[in-house]
Amino acid sequence: MNNDFKEVFDNISVSSKLDKVIKESIIRAKAQKKKSFIRRVSFKLVTGVATIAILFTVGINSSLSFASTVKNVPIVSSIAEALQFHYDKNIVSAVNQGDSQKVNQTVSNNNVSLTINSMARDNNDEFIFYTLKSNDKNIKNLLLNNFTIGDNSGNVLVDSTRNRFALPPILINKNGDFLALNSSKGFKCIVSSLGDTISNYASNGETYGSIEIIALDNNSIPNNLKLKVSNFTEAYSMDYLGYSQKKYADFLAKFNRKPIDINGNWQLGISNISKNPKIETYNNIKFAANNTDFQINNFKIYPTHMDANIKLGVNKIDNSTAVGFGRPSTTHQDNYSSLPYLIDENGSKYMLSPGAFTSQVNADKSINLTFQSSYYTNIKHLYLVISQIIYENGKPYTDITPVKIQIK
Amino acid sequence: MDSIETFVKKAKKGDDEAFTNLIDINKVKLYKIAYIYVKNEQDALDILSDTICKAYRSINKLKDPKFFNTWLFRILINTATDKTQNNKRIIYIDDYEKIKSELIDNMCEADFNLPANIDLYRAIDTLDIKYKNIVILKYFQDMTIAQISKILNHPEGTIKVYLSRALKKLKIQLKEEYI
């Protein structure tokens, strides 16, 4: 029977155009190969230039001496200098690797222009990078001061004129001017004008910073946000513990006057166009510390934050119930080391999210912890480090020999 | 007379005449296989033309000259698959792992002899592309399981499983036609 098919095959008549088509195909292939060679050479040239630009940016961000060498190079310098002082290295990696979403929108009013450069986000944590400039030569510094962030329906999610809260531990003694904002709508917000803003402004004529919006509880950040700014200032005047009074005093001493407030109306829409990210999840990781059993029910790595849900146990010796790790709420730097954190194989740490360093025990005796993400950093291993356990009864704030639990 | 391997070596260095010779040696077979997929002259010529272009552009990537024919037919099968399947590529998942229990290892070429009453030339169009490729190479080109495995770059076990499934489908179809 198989021979019948051979026969069918043999009986297929060969097209009279076959030789002509072969000849033409080889000519076409030859032309295509030539074109692709030219394209390849051009691509190599372009990537060569791009690689130099990336090396330059990475160099600036990883080496202080390199950064100071190229301090006077325009455009890149202010961004590079500012990013050096950003409190979230994962976000710095996202920007440096080109993984942030470009926005590049500018609005100007009263001689001040506000540019949204880019953004990086997931549903619970969004970073918006901005640049501020003024044409007024009397202005010595520019800081984002009064603003609201709302959704498309006009609901205000964050209002900077209300509910400022003490600086989270992660920002204390960091180089920059910060605002930490609380919102009754279930959001927190950190505004960071990075680096020595007065001296940056003197040399570059601009301030570079980021706004981090954190959704708490079951909230999520809308895809479309509206930023409305009504006031910029030259220096923050703060009474709260943790904010630098020295910076305000320095401004007065340096310019012999009070900071100028610039009022006006600057509005910009910020839309998320990125696709749903791939999320890494790790489940049911058991560990014991201080005679207490714990289980990480799940650990999720999102682009801009990591969530852990940890089931808390009871101390087997004194029967005290664990209710958390590290002091639940602190602004004191000396307690910083008691908070849980994550560390990778290279020694880089991922701290508790600045917006969520408190946690309450859930009905199922678990707690939720939110950390900075490792998403944009190429790592193989990730460990949770716990050095203090809080118990409901018995001795609170029990310092333990740090426990390192492998997540990844 | 130069052997295929010598032609391939020359073609890799940019000798167009050597490349043309290689295509000439295989042109009828290439055209006929393409024709079985599309059953019309113009589409068969298009498949052949695209195959030649792809082969010309990437012949310098062919590591071992003795596999030129296998490599060329693989390009043809993929081009024909693209043409007939709206650019869907053949993706062989881990079927082989899942169905090891079918004792495929013990099957031999004789197990794949066709029943006498199958009009394969017509029936082949009803087959899923992953079966169609194998059936064309096996029954129209008279290739062995080992040769098909090389061309499609998949384990012999996978080829056997697909072939056995294709035959089952053809037999069912045949029964339905008799009802």
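**Close-up 1. A:I128 and its partner across the strands.** A:I128 has A:I211, a residue of β8(A), as its bridge partner. This is a predicted model, and the view takes in strand β3 (residues 125–134) of chain A alongside strand β8 (residues 206–215) of chain A. The two strands run antiparallel, with nine bridges joining them.

**Close-up 2. The open sheet of chain A.** Step back from that pair and you get six strands in an open sheet, ordered β1-β2-β3-β8-β7-β6, with antiparallel pairing. At the edges stand β1 (101–109) and β6 (176–183) of chain A. Each has a single partner strand, so one side of each is left without a neighbour in the sheet. Going from one strand to the next, the twist averages 20°.

**Close-up 3. Helix α6 of chain A on the sheet.** Here helix α6 (residues 197–204) of chain A packs on the sheet. The helix touches three strands of chain A: β6, β7 (187–194) and β8. Its direction makes about 135° with that of β8(A).

**Close-up 4. Helices α7 and α8 of chain B crossing.** Over in chain B, the axes of helix α7 (residues 129–140) and helix α8 (residues 145–152) come within 10 Å and cross at roughly 135°. The crossing of α7(B) past α8(B) is right-handed. On the α7(B) side, the contact is made by B:N133, B:I134, B:L137 and B:K138; α8(B) brings B:I148, B:I151 and B:L152. Sorted by type, the contact residues come out as five nonpolar, one polar and one charged.

How values were computed: Residues are numbered from 1 along each chain as its sequence is written. Chains are lettered from A and ligands numbered from 1 in the order in which they are written. This is a predicted model: local features need pLDDT of at least 70, side-chain atom pairs count only at pLDDT 80 or more; totals for chains, interfaces and linings use all residues. Axes are lines fitted to C-alpha atoms, for helices over the stretch in contact, and angles run from 0 to 180 degrees between N-to-C directions. Helices (H or I, at least four residues) and strands (E, at least two) are DSSP runs, numbered from the N terminus. A crossing is left-handed if the near helix is turned anticlockwise from the far one by less than a right angle, and right-handed if clockwise. Two residues are in contact if their C-beta atoms, placed from the backbone, lie within 7 Å. Ala, Val, Leu, Ile, Met, Phe, Trp, Tyr, Cys and Pro count as nonpolar, Asp, Glu, Lys and Arg as charged, and the others, Gly among them, as polar. Two strands pair if DSSP finds at least two bridges between them.
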